Amino acid sequence: MKLELRGITKRFGALTANDHIDLVVEPGEIHCLLGENGAGKSTLMNVLYGLYRADEGKILLDDQEQHFAGPGDAMRAGIGMVHQHFMLVPVFTVAENVMLGHEATRFGGRLDLAAARAKVREISARFGFDIDPDARIEDLPVGVQQRVEIIKALSRNARVLVFDEPTAVLTPQETDELMAIMRQLKAGGTAIVFITHKLREVREVADRITVMRLGKVVGEADPAASNAELASLMVGRAVVLTVDKEQCEPGDAALVVSGLSVFDDKGSPVVDDVSFTVHKGEVLAIAGVQGNGQTELTEALFGLQDRLAGDVTLDGAPLCGKSVAHVVEMGVGFVPEDRQHDGLVAEFTIAENLILNRSRRSPFVRFGSLRLADIRAFAQRKTAEFDVRAQGIHTAVGRLSGGNQQKVVLARELARDLRLFIASQPTRGLDVGSIEFVHQQIIAARDSGIPVIVVSTELDEVCALADRIAVVYRGRIVGIVPADTPRQTLGLMMAGERPAEAAA
């Protein structure tokens with residue numbers, strides 16, 4: 001099926017999110033859509049999927065104009081979407097998820113689960129998925145869950161498939177498998193729209209590339225174009241894609257973690273007997289597929305977990321089990337993985353967010369009163385230093401783009417005298433320009449002698465920033481290896497293999 005978007009325009013008040021967008025995706029083609037945060041990619045796909053209605057323009061499928069009142073209409077027309085965050089019910093089986101919203105019934109109005117199972121088996125056999133229709137979603141690895149999302153779309157006869165940042169939670173091996181699946185779909189005549197910010201994946205799988213910037217199409221790129229060429233098209237300027245850093249010269253041991261365990265509300269360990277040391281002036285990167293204990297580990301170090309065992313010291317002082325306020329006073333900076341929920345107060349201004357952890361201390365408070373002039377001067381200095389793009393320091397932080405929100409968090413945390421800096425998923429959802437800036441700030445902290453922990457599911461980022469890499473799997477550290485360890489070895493370690501086994 002051929003997809004054609006003609007002059008799609010979508011406005012939100014004074015903001016034009018899509019400005020007369022033209023896009024053609026041929027049957028049997030993988031068409032990559034590239035652009036910074038706020039470029040309008042998601043809005044365009046939401047228009048295609050019936051979640052938004054365009055103010056101007058047309059959607060055509062095989063030259064027939066379409067009018068979608070909602071996603072149901074889009075699905076019936078043959079459009080499917082594989083979301084970055086899976087739209088699955090964890091306690092349901094594969095077959096139940098596949099039929100959800102399109103329930104087939106038989107005698108007496110009973111659900112026809114047998115038909116759903118048969119559909120799952122048929123599609124699985126066609127693509128070599130090997131998925132049990134009766135397996136519960138919560139028991140499946142994330143790579144298999146993503147295949148269930150693909151089966152859902154194909155079971156509804158999708159002939160145009162949109163993949164929205166599909167590799168965000170996958171290991172390198174699972175990513176390679178997804179690329180192979182996309183090629184199979186392409187060979188079967190499916191038209192694919194592939195949204196990703198990972199330039200390596202774009203160049204590997206794209207037939208054509210369309211680049212968007214500030215709501216407009218700014219050009220098409222050849223898949224043979226270099227990463228630098230693609231990045232400059234996206235951002236509108238040259239971007240340094242490699243992390244420029246000097247050889248690590250670690251100092252004394254600063255953070256010492258010994259036998260740390262974190263338990264869930266049922267008493268099961270989600271972090272299981274973890275030990276490592278971070279030295280002054282080095283970056284220890286923690287790699288692993290999301291959901292293997294990284295979140296709980298960083299929260300434990302910052303005082304956000306209370307079901308703990310083991311010992312943690314910072315410069316010899318105990319850290320384990322202390323309150324967040326105490327940890328902040330000890331000089332620990334923390335960038336949480338979910339900046340919107342855990343790192344910022346969306347309704348507060350930029351200036352207010354910049355002093356959240358210092359709002360009771362000098363120089364911002366005197367005799368119990370806020371010193372507004374000092375807060376203003378500090379906020380203006382930091383927004384300029386960290387290139388936070390907004391109408392002013394009194395703009396609500398919830399109105400900023402993801403990249404600018406992350407800059408506010410970084411500016412606040414790095415403005416203090418730190419003895420440890422923890423950055424969890426520091427560039428998640430950011431465009432290449434913002435990623436470049438965040439990486440520069442992390443390396444600057446390391447070069448100033450601060451011990452740094454970076455938690456990331458992005459292997460390219462891990463290898464670029466790390467001096468050493470700790471790989472976690474199911475709450476345990478599989479191994480701590482040098483930063484130049486091959487990607488293939490790291491990928492196998494992320495799936496649970498020991499370093500020697502993975503290297504072999």
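A crossing of two helices is left-handed if the near helix is turned anticlockwise from the far one by less than a right angle, and right-handed if clockwise. By that rule, α5 and α6 cross in the right-handed sense. This is a predicted model, in which local features need pLDDT of at least 70 and side-chain atom pairs count only at pLDDT 80 or more, while totals for chains, interfaces and linings use all residues. Residues are numbered from 1 along each chain as its sequence is written, and side-chain values use heavy atoms, with hydrogens and water left out.

**Helix pair α5 and α6**
- The axes of α5 (residues 142–155) and α6 come within 10 Å and cross at roughly 15° (axes are lines fitted to C-alpha atoms, for helices over the stretch in contact, and angles run from 0 to 180 degrees between N-to-C directions).
- The two helices, α5 and α6, are therefore roughly parallel (angles under 35 degrees; 65 to 115 is roughly perpendicular).
- Val142, Gly143, Gln146, Arg147, Ile150 and Leu154 of α5 are in contact with Glu174, Glu177, Leu178, Ile181 and Leu185 of α6 (contact means heavy atoms within 4.5 Å).
- By class, six residues of this α5 and α6 contact are nonpolar, two polar and three charged (Ala, Val, Leu, Ile, Met, Phe, Trp, Tyr, Cys and Pro are nonpolar, Asp, Glu, Lys and Arg charged, and the others, Gly among them, polar).

**Helix pair α4 and α5**
- Helix α4 (residues 113–127) and α5 have axes that come within 10 Å and cross at roughly 110°, so α4 and α5 are roughly perpendicular to each other.
- On the α4 side, Lys119, Val120, Ile123, Ser124 and Phe127 meet Ile151, Leu154 and Ser155 of α5.
- The α4 and α5 contact has five nonpolar, two polar and one charged residues.

**Helix pair α14 and α15**
- Helices α14 (residues 402–414) and α15 (residues 432–447) pack at about 10° with axes 10 Å apart, and are therefore roughly parallel.
- Gly403, Gln406, Lys407, Leu410 and Leu414 of α14 make the contact with Ser434, Phe437, Val438, Gln441 and Ala445 of α15.
- Five residues of the α14 and α15 contact are nonpolar, four polar and one charged.

**Cavities**
- There are three cavities of 30 Å³ or more (on a 1 Å grid over the protein atoms alone, a cavity is a set of points where a 1.4 Å probe fits but cannot get out).
- The largest cavity has a volume of about 120 Å³ (the space filled by probe spheres set on the points).
- Its lining comprises 12 residues, with Lys198, Arg200, Glu458, Leu459 and Arg487 nearest the centre (lining residues have an atom within 4 Å of a point).
- Helices α6 (172–187), α7 (199–205) and α16 (459–465) each supply at least two lining residues of the largest cavity (helices are DSSP runs of H or I, at least four residues, numbered from the N terminus).
- The lining of the largest cavity has three nonpolar, three polar and six charged residues.

Terms used:
On a 1 Å grid over the protein atoms alone, a cavity is a set of points where a 1.4 Å probe fits but cannot get out, and a pocket is an open set with protein on both sides within 12 Å along at least five of seven lines; lining residues have an atom within 4 Å of a point. Angles under 35 degrees count as roughly parallel, over 145 as roughly antiparallel, 65 to 115 as roughly perpendicular and the rest as oblique.
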